Amino acid sequence: MSPPPSSRAPRPKPPPERRRNRPLREVLDDLLAHTREITRRAKAMSPAELDYAQQRLEWLADEVWRVATGGAPPPE
């Protein structure tokens, strides 16, 4: 037999939405997609493509850091 409704413990709140920081999620998704593409194509890429891929990887990592820490956007 269950206790009367007034003596039941309150239900815990549902966990907060994990994707509250949409800009960070989007930049992380870009970083992951780029990393996966490099992983698939690295052996077939030319030195110039590898160099560009590395530069873009570094830029995306900087963007993730900037968005995660609340830094100012880069000057345009």
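**Entry 1**

I started with a polar atom of the E49 side chain, which lies 2.8 Å from the backbone nitrogen of S46. I count a polar contact as a pair of N or O atoms within 3.5 Å; within protein, one must be able to donate a hydrogen and the other to accept it, and residues adjacent in sequence count only if both atoms are side-chain atoms. Before going on, I noted that this is a predicted model, where local features need pLDDT of at least 70 and side-chain atom pairs count only at pLDDT 80 or more, while totals for chains, interfaces and linings use all residues. Residues are numbered from 1 along each chain as its sequence is written, and side-chain values use heavy atoms, with hydrogens and water left out.

E49 lies in helix α2. I take helices (H or I, at least four residues) and strands (E, at least two) as DSSP runs, numbered from the N terminus. My cut-offs are under 20% relative accessible area for buried and over 50% for exposed, with partly exposed in between (1.4 Å probe, protein chains only).

Next I looked up the neighbours of E49: leaving out residues up to four places away in sequence, E49 touches R41 and A44. Contact here means heavy atoms within 4.5 Å. I also checked I38, which is 11 residues from E49 in sequence and 9.6 Å away in space, C-alpha to C-alpha.

**Entry 1: salt bridges**

How many salt bridges does the count come to? I get 4, taking a salt bridge as a side-chain nitrogen of Lys or Arg within 4 Å of a carboxyl oxygen of Asp or Glu. As a reminder to myself, side chains of opposite charge can pair when their charged atoms come close.

R41 is partly exposed, because its relative accessible area is 34%.

Another joins the side chains of R25 and D29 at 3.2 Å, N to O. These two residues are 4 apart in helix α1, so about one helical turn separates them. R25 is partly exposed at 24% relative accessible area, and D29 is partly exposed at 37%.

E63 is buried, with a relative accessible area of 11%, whereas R66 counts as partly exposed at 21%. Salt bridges that share partners also link E37, R41 and E49 into one network.

**Entry 2: the two helices**

I stepped back to the whole chain: its secondary structure comes to 2 helices and 0 strands. After α2 comes G70, with a positive phi near 75 degrees.

**Entry 3: what is inside**

I listed the buried residues of α2: A53, L60, E63, V64 and V67. What covers them includes α1.

The largest nonpolar core has 6 residues, namely L24, V27, L31, L60, V64 and V67. By nonpolar core I mean a set of buried Ala, Val, Leu, Ile, Met, Phe, Trp, Tyr and Cys residues joined through side-chain atoms within 4.5 Å. Helices α1 and α2 (47–69) each supply at least two residues of this core. V67 is in contact with N21, P23, L24 and V27, leaving aside neighbours within four places in sequence.

I then turned to H34, found in helix α1 (residues 22–41). H34 counts as buried, because its relative accessibility is 6%. Apart from residues up to four places away in sequence, H34 touches A53, R56, L57 and L60.

**Entry 4: whole-chain totals**

Buried residues make up 14% of the 76 residues in the chain. Among contacts with a separation of 6 or more, 52% are between residues 24 or more positions apart.
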